[in-house]
Amino acid sequence: SKATVSVLNWNSTSPPPPSEMFRAARVLRTAATSAQGALVVHVAGKHADRVILDVSDVFNRVGGDILGSRGTVLGNDFSMMMVVKCPHEQVDGLKKNLGELQDMSVWTYPSANPDVVYTVPHRHTVKVIRLTGHDAPGIVQHYADYLTQRGCRILNLASEMAAAPFTDDPMFKLRCVIDKPIELPDEVLEDGVEVVSDIIGVDVWVETLS
């Protein structure tokens with residue numbers, strides 16, 4: 001654009017007005033974004049420090065940018081998921097370099113609309129469901145099934161095995177953050193969650209995320 005050309009050619013004696021500089025910055029940012037490909041990258045390995053160091057080094061070498069990431073220890077492995085942008089011409093090289101990392105498993109696939117960040121719709125409520133109990137098959141599936149039927153969207157879910165107080169018995173713990181539609185009354189959600197908990201034999205708490 002003319003604004004971009006003006007800014008790129010300015011000198012110290014005749015800088016462009018601030019309005020042109022802001023317009024040019026938007027043009028350059030848009031051009032840079034459109035020239036990049038976005039990937040979801042999932043990496044698992046035994047050592048968190050090596051996973052983070054080696055993977056971030058690969059991204060850096062191809063001009064990649066990590067837009068968001070989550071990592072945690074699951075069992076005996078460190079698992080990390082990232083949304084990454086890099087120049088289109090570097091995408092194949094990025095995948096190749098990731099696949100050559102030692103002692104790690106890597107999966108990649110295209111990201112859909114990485115610049116669109118989900119926000120909770122107006123008047124919806126964010127709820128947190130916490131549960132604890134003896135481990136049993138199907139706990140997560142039961143809750144996911146109920147929440148889906150009620151039109152709730154799961155925003156975050158984390159579970160782990162932890163020792164119970166006093167006895168050290170292995171206990172299953174889960175924390176689930178959901179987007180609850182306004183049409184679903186709080187008491188209906190809580191009553192349903194209680195019914196599911198009674199069926200599978202766990203204790204549950206529901207609270208509003210402030």
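# Close-up views of a predicted model

View 1. Helix α6 covers residues 186-200, and its 15 residues, at 1.5 Å a residue, should span 21 Å. The C-alpha atoms at its ends are 21 Å apart, which agrees with that expectation. The model is predicted. Leu189, Gly192, Val193, Val196, Ser197 and Ile200 are the buried residues of α6. These residues sit on the same side of α6, because they cover an arc of only 140 degrees around the axis. The face turned away from that buried side carries Asp191 and Asp198, both exposed. The buried residues of α6 pack against β5, α5 (139-149), β7 (170-180) and β8 (203-208). Just after the helix comes Gly201, with a positive phi of about 75 degrees.

**View 2. Lys127, a lysine in strand β5.** Lys127 belongs to β5, which covers residues 125-133. Is Lys127 buried or exposed? Its relative accessible area is 3%, under the 20% limit, so Lys127 counts as buried. Two polar contacts of its side chain are shown here. One reaches the side chain of Asp186, at 3.2 Å. Another joins the side chain of Lys127 to that of Thr208, at 2.7 Å. Asp186 is also part of helix α6 (residues 186-200). Thr208 lies in β8 (203-208). Residues that Lys127 touches, not counting those up to four places away in sequence, include Cys176, Val177, Ile178 and Lys180. Leu189, Glu190, Val206, Glu207 and Leu209 are also among them. Of these, Leu189 is one of the buried residues of α6.

**View 3. An open sheet of 4 strands.** The strand order is β2-β3-β1-β4, and the pairing is antiparallel. β2 (65-74) and β4 (104-110) stand at the edges. Each has a single partner strand, so one side of each is left without a neighbour in the sheet. From one strand to the next, the twist averages 15 degrees. Helix α3 (residues 48-61) packs on this sheet and touches β1, β2, β3 and β4. The direction of α3 makes about 10 degrees with that of β3.

**View 4. Strand β3 and its two partners.** Strands of a sheet pair through backbone hydrogen bonds. How many bridges join β1 to β3? There are 10 between β1 (residues 36-45) and β3 (residues 77-87), and the two strands run antiparallel. Val43 has Met80 of β3 as its bridge partner. β2 is joined to β3 by 9 bridges, again in an antiparallel arrangement. Here Val73 stands opposite Phe78 of β3. β2 and β3 form a hairpin, with 2 residues between them. Gly75 lies in the turn and has a positive phi of about 65 degrees.

**View 5. Helix α4 against the sheet.** Helix α4 (residues 91-99) lies across β1, β3 and β4. It runs at about 5 degrees to β1. Which residues of α4 are buried? They are Val91, Leu94 and Leu98. Seen down the axis of α4, these residues fall within an arc of 60 degrees, so they line one face of the helix. Asp92, Lys96 and Gly99 are exposed on the other side. The cover over the buried residues of α4 includes β1, α3, β3 and β4.

Definitions and conventions
Residues are numbered from 1 along each chain as its sequence is written. This is a predicted model: local features need pLDDT of at least 70, side-chain atom pairs count only at pLDDT 80 or more; totals for chains, interfaces and linings use all residues. Side-chain values use heavy atoms; hydrogens and water are left out. Buried means under 20% relative accessible area, exposed over 50%, partly exposed in between (1.4 Å probe, protein chains only). A polar contact is a pair of N or O atoms within 3.5 Å; within protein, one must be able to donate a hydrogen and the other to accept it, and residues adjacent in sequence count only if both atoms are side-chain atoms. Contact means heavy atoms within 4.5 Å. The expected span of a helix is 1.5 Å times one less than its number of residues. The arc is that of the directions from the helix axis to the C-beta atoms. Two strands pair if DSSP finds at least two bridges between them. Axes are lines fitted to C-alpha atoms, for helices over the stretch in contact, and angles run from 0 to 180 degrees between N-to-C directions.
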